[in-house]
Amino acid sequence: YDNISEESADVFVDTDIKSLENQRKTVFLITELCDKNGKIISNKRTKVILQNGESKTVSQKFSVKNPTLWSPKNPYLYRIN
C-alpha cells in the first residue's frame with residue numbers, strides 16, 4: 001500500500017507465477033479487489049509470457065477512491081481474489 005488518505009489509496013499486489021509446462025506459455029493473471037462484502041470494486045488483467053519452467057513475479061497496482069480506512073474501532077478489510 002502507498003499514498004493513503006481518506007480520498008484515495010494505492011494498493012500494490014505481487015503474485016508469483018510458475019510455469020509447469022515444457023513449452024512457452026501465455027497466461028492471463030486476473031486479480032480482483034473486493035470490499036468486505038465481496039463486491040468487486042476493481043480488477044486487473046495482466047498478460048504474462050512464461051518460458052519452460054520459468055517463474056515470474058507480477059506486480060499490479062489498484063487505486064481506490066474514498067477507501068474505508070482500517071482502525072481498531074472500524075476493522076474494515078478489503079480482499080484480493
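Two strands are taken to pair if DSSP finds at least two bridges between them, and strands themselves are DSSP runs of E with at least two residues, numbered from the N terminus. By that rule β2 and β5 pair in the antiparallel sense over two bridges. The structure is a predicted model, in which local features need pLDDT of at least 70 and side-chain atom pairs count only at pLDDT 80 or more, while totals for chains, interfaces and linings use all residues. Residues are numbered from 1 along each chain as its sequence is written, and side-chain values use heavy atoms, with hydrogens and water left out.

**The open sheet**

- An open sheet of three strands runs in the order β3-β2-β5 with antiparallel pairing, and its edge strands, each of which pairs on one side only, are β3 (40-50) and β5 (79-80).
- Strands of a sheet pair through backbone hydrogen bonds, in either a parallel or an antiparallel sense.
- The antiparallel pairing of β2 with β3 extends over 10 bridges, and within it Lys25 has Leu50 in β3 as its bridge partner.
- β2 and β3 form a hairpin with five residues between them, and Gly38 in that turn has a positive phi of about 90°.
- On the β5 side, Leu33 stands opposite Ile80.

**Thr31 and Gln60**

- Thr31 has its place in strand β2 (residues 25-34), and at 3% relative accessibility Thr31 counts as buried, a class that means under 20% relative accessible area, with exposed set at over 50% and partly exposed in between (1.4 Å probe, protein chains only).
- Gln60 is found in strand β4 and is likewise buried, at 4% relative accessibility.
- The side chains of Thr31 and Gln60 make a polar contact at 2.6 Å, where a polar contact is a pair of N or O atoms within 3.5 Å; within protein, one must be able to donate a hydrogen and the other to accept it, and residues adjacent in sequence count only if both atoms are side-chain atoms.
- The side chain of Gln60 also makes a polar contact with the side chain of Thr46, at 2.9 Å.
- Leaving aside neighbours within four places in sequence, Thr31 is in contact (heavy atoms within 4.5 Å) with residues including Val13, Ser42, Phe62 and Ile80.
- With residues up to four places away in sequence not counted, Gln60 touches Val11, Phe12, Val13, Leu29, Thr31, Lys44, Arg45 and Thr46.

**Charged side chains**

- The count comes to one salt bridge, defined as a side-chain nitrogen of Lys or Arg within 4 Å of a carboxyl oxygen of Asp or Glu.
- This salt bridge joins the side chains of Lys61 and Asp10, at 3.7 Å from N to O; Lys61 lies in strand β4 (residues 55-65) and Asp10 in strand β1, so the pair ties together parts that are 51 residues apart in sequence.
- Lys61 is partly exposed, with a relative accessible area of 41%, whereas Asp10 counts as buried at 10%.
- The charged end of Lys44 sits over the ring of Phe62, 5.8 Å from its centre, the rule being that NZ of Lys or CZ of Arg is within 6 Å of the ring centre and within 35 degrees of the ring normal.
- Arg45 lies over the face of Phe28, at 3.9 Å from the ring centre.

**The aromatic pair**

- A search of the whole structure finds one aromatic pair, formed by Tyr76 and Tyr78, which is edge-to-face with 5.0 Å centre to centre and 65° between the planes.
- Rings of Phe, Tyr and Trp (its six-membered ring) pair if their centres lie within 6.5 Å, and planes under 30 degrees apart count as stacked, over 60 as edge-to-face and the rest as tilted.
- Tyr76 is buried, with a relative accessible area of 13%, whereas Tyr78 is partly exposed at 30%.

**Ser8 and Asn66**

- Ser8 has its place in strand β1 (residues 8-18) and counts as partly exposed at 27% relative accessibility.
- Not counting residues up to four places away in sequence, Ser8 touches Asn3, Val64, Lys65, Asn66 and Pro67.
- The C-alpha atoms of Ser8 and Thr46, which are 38 residues apart along the chain, are separated by 23 Å.
- Asn66 is found in the loop between β4 and β5, counts as exposed at 57% relative accessibility, and has a positive phi of about 50° although it is not a glycine.

Key:
Helix = DSSP H or I, 4+ residues; strand = E, 2+ residues; numbered from the N terminus.
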